[in-house]
Amino acid sequence: MNLWWSALIGVGALMLLIRGRGFWAGAGLGLLYGFGLFTPLLHFTMVGMGNPIGWIALTVFESLYLAGFGGAWAVVSRLPRLKGSSGGLRVLRRVPTGVANVLAFALLWSGVEELRSVWPLGGFPFGRLAFAMADAPVLPAAAYLGSAGVGLLVALAAACAAHAAQAVYKRRVIPVVVSTVLAATLLVAPHALPLDTRAENGTVRIGAVQGNVATDFEDAFNRALEVTGNHAAATKELASDVGPGGLDLVVWPENSADLDPRDYPASATIVDEAARAVQAPVLVGAVPFVGDIRYNDILVWNPGDGAGKSDHPYYRKHRPVPFAEYIPARSLVRRLTTQVDRVGVDMRPGTGSSTLTVPAAAQGRAITFAMGVCFEVAYDDILRTGVKQGGQAIIIPTNNASFLDSGEAAQQLAQGRVQAVVHGRSVIQASTVGYTAIINPRGKVEQVTRPYTRASLVADVALRSSQTIADRLGPWPGIIILTGAVVMIAAGILNLVRLRRKAAAPARRRRG
């Protein structure tokens with residue numbers, strides 16, 4: 001269901017609920033709001049683990065950010081200008097009270113959202129306002145301001161809507177009209193922004209394969225070569241449909257080779273037979289073990305030649321997921337729960353390029369793709385690096401099998417749609433179980449498979465080399481938003497100190 005507008009109601013209601021309260025009341029309400037947001041959003045972590053420990057821990061941790069936001073907004077909303085009084089920050093003295101409230105609230109919300117998206121351990125961007133806007137008219141703004149900027153626009157619109165609702169209650173007609181028009185403008189005006197999505201360097205004909213995994217996926221990955229065989233069979237079916245040599249490359253998902261074909265001859269034979277059938281390079285997901293560590297690779301497998309025959313034979317996942325693919329401070333966390341031992345071998349981040357260069361079988365040229373594996377689709381900076389390194393389209397291999405029929409796969413698809421616009425690139429998402437999808441640079445899903453089916457997609461994908469304004473700005477929108485939020489919080493704290501000193505002054509005089 002397309003419910004992007006509901007984010008406005010939730011965020012706007014929070015603004016009114018906390019405004020003017022004390023710090024602890026604001027923090028408590030923010031915490032409850034966080035529970036309401038993250039409990040259903042992150043339910044997939046329970047499905048993936050098979051127990052609620054990780055779900056509870058992550059929900060509580062993410063909710064603490066909103067508790068901090070609630071306390072900060074309670075303090076900042078008591079600034080004189082935001083209460084309609086004179087004094088306070090000089091920059092706000094000539095700003096109408098309603099405008100000051102809207103700006104301060106949106107800046108604080110977006111600042112906290114940016115903080116939790118980058119810190120600690122690389123952050124966790126799931127639940128950003130921008131990722132709820134894949135079907136909203138504000139989406140084109142992502143090409144200009146990135147995910148952080150879209151979140152700020154939506155927060156501003158939510159605050160305007162809340163101000164309009166408050167004005168209705170107070171029967172003040174002009175503020176209702178002005179606030180409503182501003183909210184609508186912030187949401188709808190970006191729809192008119194130009195998006196350059198034309199193919200600048202021709203197209204590449206890609207096959208994306210979803211081999212499917214049995215619902216007892218853990219056993220499936222333990223049954224040697226079953227997952228690899230599923231994807232090889234789907235690739236051979238694809239080859240019979242399009243004809244040998246009809247594709248430039250084929251994309252398999254993350255973990256599509258349950259045994260690394262670089263180390264296991266039986267796996268190599270299966271992968272190579274599929275590559276020979278389709279007569280094109282195959283991108284294969286594999287997990288190599290090096291001593292007591294492991295990596296998450298997407299490698300280029302050339303028919304007949306195998307992997308490692310080029311200068312850039314694989315992409316190694318740069319940002320493994322903490323507490324899922326590796327355990328930070330393992331000995332300390334083990335004191336809390338032995339569940340950490342389910343991750344027996346920690347995954348280490350790759351340090352190489354953020355791209356893969358693939359020889360296009362039918363074109364006689366090499367094509368460079370920006371890469372991101374699974375959850376990396378949620379991080380603007382990872383995909384931006386690949387685009388700046390020459391990626392002409394974005395490939396996202398993922399393995400959603402452990403999350404079964406939870407909402408994780410749908411969230412990831414929405415994130416891919418937003419990232420397509422942020423970076424002005426087509427996105428090819430290949431999943432073991434769904435959704436495998438082709439997304440154009442406008443964020444529209446052109447093709448998508450059904451979950452838990454063996455299927456494949458074929459598309460002529462536009463190749464682009466120009467960079468969006470968002471990519472040229474890089475991290476600066478987020479930095480500016482976060483800095484502005486810190487300034488607002490500092491001003492709120494100073495004002496609180498001033499008020500307490502003022503309240504304590506008569507008592508000091510009496511004692512004197």
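With which residue does K236 form a salt bridge, and how far apart are the closest N and O atoms? In this predicted model, K236 is paired with E273, and the closest N and O atoms of the salt bridge are 3.5 Å apart.

The side chain of T228 is joined to that of D258 by a polar contact of 2.5 Å. Beyond the residues up to four places away in sequence, T228 touches W252, S256, A257, D258, L259, S267, I270 and V271.

Side chains of opposite charge can pair when their charged atoms come close. Another salt bridge is formed by the side chains of D297 and R316, with an N to O distance of 2.8 Å. This pair, too, links distant parts of the chain, since D297 lies in strand β6 (residues 297–301) and R316 in strand β7 (residues 314–316), 19 residues apart. Both D297 and R316 are buried.

A further salt bridge is found between the side chains of D196 and R464, at 3.5 Å from N to O. D196 is located in the loop between α8 (173–188) and β1 (203–210), whereas R464 is located in the loop between β14 and α15 (469–473), so the pair ties together parts of the chain that are 268 residues apart in sequence. The accessibilities of the two partners fall into separate classes: D196 is partly exposed, with a relative accessible area of 36%, while R464 is buried, with a relative accessible area of 3%. As for the D297 and R316 pair, its side chains meet at 2.8 Å; elsewhere, salt bridges that share partners join D196, R198, E200 and R464 into one network.

Strand β14, which covers residues 455–462, includes L457. At 7% relative accessibility, L457 counts as buried, and, apart from residues up to four places away in sequence, L457 touches I206, G207, A208, T436, A437, I438, Q447, V448 and T449. The C-alpha atom of L457 is separated by 23 Å from that of Y314, a residue 143 positions away along the chain.

Turning to the annotated segments, an unreviewed UniProt entry lists residues 54–75, 95–112, 141–161, 173–193 and 476–499 under "transmembrane region". In the model, residues 95–112 are 89% helix and 0% strand, with the end C-alpha atoms 23 Å apart. Residues 476–499 are 100% helix and 0% strand, and the end C-alpha atoms of this span lie 34 Å apart.

V102 is found in helix α6, which runs over residues 97–118. This residue counts as buried, at 7% relative accessibility. Leaving aside neighbours within four places in sequence, V102 is in contact with M15, L156, A159, C160 and H163. The C-alpha atoms of V102 and V177, which are 75 residues apart along the chain, are separated by 15 Å.

Helix α7, comprising residues 142–169, contains L145, which is partly exposed with a relative accessible area of 33%. Residues up to four places away in sequence not being counted, L145 touches V150, L153, A470 and P477. L145 and V422 are 277 residues apart in sequence, yet their C-alpha atoms are 7.8 Å apart in space.

Helix α4, made up of residues 53–76, includes L64, a residue that is partly exposed with a relative accessible area of 49%. Together with I56, V60 and F61, L64 forms a nonpolar patch on the surface, for which the accessible area amounts to about 340 Å².

Key: Residues numbered from 1 in each chain as written. Predicted model: local features only at pLDDT ≥ 70, side-chain atom pairs only at ≥ 80, totals over all residues. Heavy atoms only, no water. Polar contact = N/O pair within 3.5 Å; in protein donor to acceptor, adjacent residues only side chain to side chain. Contact = heavy atoms within 4.5 Å. UniProt positions renumbered as here; feature names shortened; annotations may be inferred. Helix = DSSP H or I, 4+ residues; strand = E, 2+ residues; numbered from the N terminus. Patch = residues over 30% accessible without salt bridge, like charges linked within 9 Å, V, L, I, M, F, W, Y side chains within 5 Å. Areas by Shrake-Rupley, 256 points an atom, 1.4 Å probe, with all protein chains shown as cover. Salt bridge = Lys/Arg side-chain N within 4 Å of Asp/Glu carboxyl O. Buried < 20%, exposed > 50% of the residue type's maximum accessible area, 1.4 Å probe, protein only.
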